[in-house]
Amino acid sequence: MSMEKIDFSKVNFLVVDPNRLMGSMIRDVLVTLDAHHIDRARTMDSAIAIIRQNRTDVLITEWDLQAEHTGMDLVYWIRNDPASSNRMLPVIMMTANSEEEYVVRARDAGVNEFVAKPYTVQSFYSRLATAIARPRQFVRVDGYFGPDRRRRRDSNYAGPERRADPDDNGRR
Amino acid sequence: MAKRPTFIPPPQELKRKAVNFKRGFSLQLEPEVVQKLEQVVEKATDNFTVEVAEKLKQLRVALGEIGGGAEAKRYMREIRSTSLEIKGMGAMFKFPLLTAFAKSLNDFVQGMDDPTDIQLDIIAAQIDALYVVMANRIQGGGGKTESQLLDALAVAARKYKD
């Protein structure tokens, strides 16, 4: 059994949520975990301004920012915009859009971890711990830059290598 | 022809900075830590009821303002967004029935920009149901009546969605 521990006091968080209650609750959970550095933003523009200061280690963002831009736009900017200063920033996406379609869209945008609201503190912690302690390799392939979407590798797999298939960039 | 993928090793800076064997929280949380985190959520329950009351008011106002045309689109977007927020909050604070009614409303208004009178009536009924849950502080899944109401709203929503 792993005895690894996460020292959250060393981690700089950015929480983006226009809902003050939900944003405050995430902050309070992080503070209970001994996090000391928590920036907050309510919009994509203010989030980008903070990310550009190069101190953010983990982004936790709501999908629906109740404005022109969504949390998905923010993820797209981080992963693909030439002005993005940390294209491999770990991103945890939170949303009440918990249906599979949204999970797939988030994954294909380059989100590291997906938290469906309403969530339990344990499930939130589990995603947070995974994002910090189990970073995945990144992949650049036609139309996608982000964490490897294949979480499990089968060493006995003998089928075709679909990543070389021009019709399949993991969008199936 | 499609390019072969390029693999980039996982970034290690954050892991190096935060993961160790001495200080902090285990990857599998101890029960006492879970309890502490759950207390954080419990403490926010009072704020939750105030927040939801405000959101319900916003829903009623938005519904009352829908008159058709471009404005209707704006208020319907507000109803979608607000019902999604309530859906995401309810069960976290032991109000899963609130989440269920909010989901019902949110599902119903997806893609709906210019609702008919019947559709507006169904939206109003769904907002009323949310009010009932909060007014009576119905935690858990509610009883038989609430379950029947949820089913009835689902039937109406299916019938008049398009």
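Reply: Two strands count as paired if DSSP finds at least two bridges between them. The model shown here is predicted. In it, strand β1 of chain A, residues 5-6, is joined to β3(B) by 2 bridges, and the two run antiparallel.

Me: Which residue of β3(B) is the bridge partner of A:Lys5?

Reply: The partner is B:Ser26. This pairing belongs to an open sheet of 3 strands, ordered β2(B)-β1(A)-β3(B), with antiparallel pairing. Its edge strands both come from chain B, namely β2 (19-20) and β3 (25-26), and each of them pairs on one side only.

Me: What is the order of the strands in the open sheet that contains β7(A)?

Reply: The order is β8(A)-β7(A)-β1(B), and the pairing is again antiparallel. At the edges stand β8 (144-147) of chain A and β1 (6-8) of chain B; each has a single partner strand, so one side of each lacks a neighbour in the sheet. From one strand to the next, the twist averages 15°.

Me: How many bridges join β7 of chain A to β1(B)?

Reply: There are 3 bridges between β7, residues 138-141 of chain A, and β1(B), and these strands run antiparallel. Within that pairing, A:Val139 has B:Phe7 as its bridge partner.

Me: How is a chain summarised as a whole, and what is the pattern of chain A along the sequence?

Reply: One begins with the elements: chain A has 5 helices and 8 strands. Read along the sequence, they follow β-β-α-β-α-β-α-β-α-β-α-β-β. One then turns to burial, and 52% of the 172 residues in chain A are buried. Finally, contacts between residues at least 6 apart in sequence are considered; in chain A, 62% of these join residues at least 24 apart.

Me: How is a single residue placed in this picture? Is A:His37 buried, exposed or partly exposed?

Reply: The relative accessible area decides the matter: buried means under 20% and exposed means over 50%. A:His37 has a value of 38%, so it is partly exposed. The residue lies in strand β3 of chain A, residues 37-41. Leaving aside residues up to four places away in sequence, A:His37 touches A:Ser9, A:Val11, A:Asn12 and A:Phe13. As for distance, A:His37 and A:Val91 are 54 residues apart in sequence, and their C-alpha atoms are 16 Å apart in space.

Me: How many cavities of 30 Å³ or more are found in the whole structure?

Reply: The search finds 1 such cavity. The largest cavity has a volume of about 90 Å³. Residues of both chains line the largest cavity, among them A:Asp17, A:Met22, A:Asp64, A:Gln66, A:Lys117, B:Leu84 and B:Glu85. That lining divides into 4 nonpolar, 3 polar and 5 charged residues.

Terms used:
Residues are numbered from 1 along each chain as its sequence is written. Chains are lettered from A and ligands numbered from 1 in the order in which they are written. This is a predicted model: local features need pLDDT of at least 70, side-chain atom pairs count only at pLDDT 80 or more; totals for chains, interfaces and linings use all residues. Side-chain values use heavy atoms; hydrogens and water are left out. Helices (H or I, at least four residues) and strands (E, at least two) are DSSP runs, numbered from the N terminus. Axes are lines fitted to C-alpha atoms, for helices over the stretch in contact, and angles run from 0 to 180 degrees between N-to-C directions. Buried means under 20% relative accessible area, exposed over 50%, partly exposed in between (1.4 Å probe, protein chains only). Contact means heavy atoms within 4.5 Å. On a 1 Å grid over the protein atoms alone, a cavity is a set of points where a 1.4 Å probe fits but cannot get out, and a pocket is an open set with protein on both sides within 12 Å along at least five of seven lines; lining residues have an atom within 4 Å of a point. Grid points are joined across faces, edges and corners, and a volume is the space filled by probe spheres set on the points. Ala, Val, Leu, Ile, Met, Phe, Trp, Tyr, Cys and Pro count as nonpolar, Asp, Glu, Lys and Arg as charged, and the others, Gly among them, as polar.
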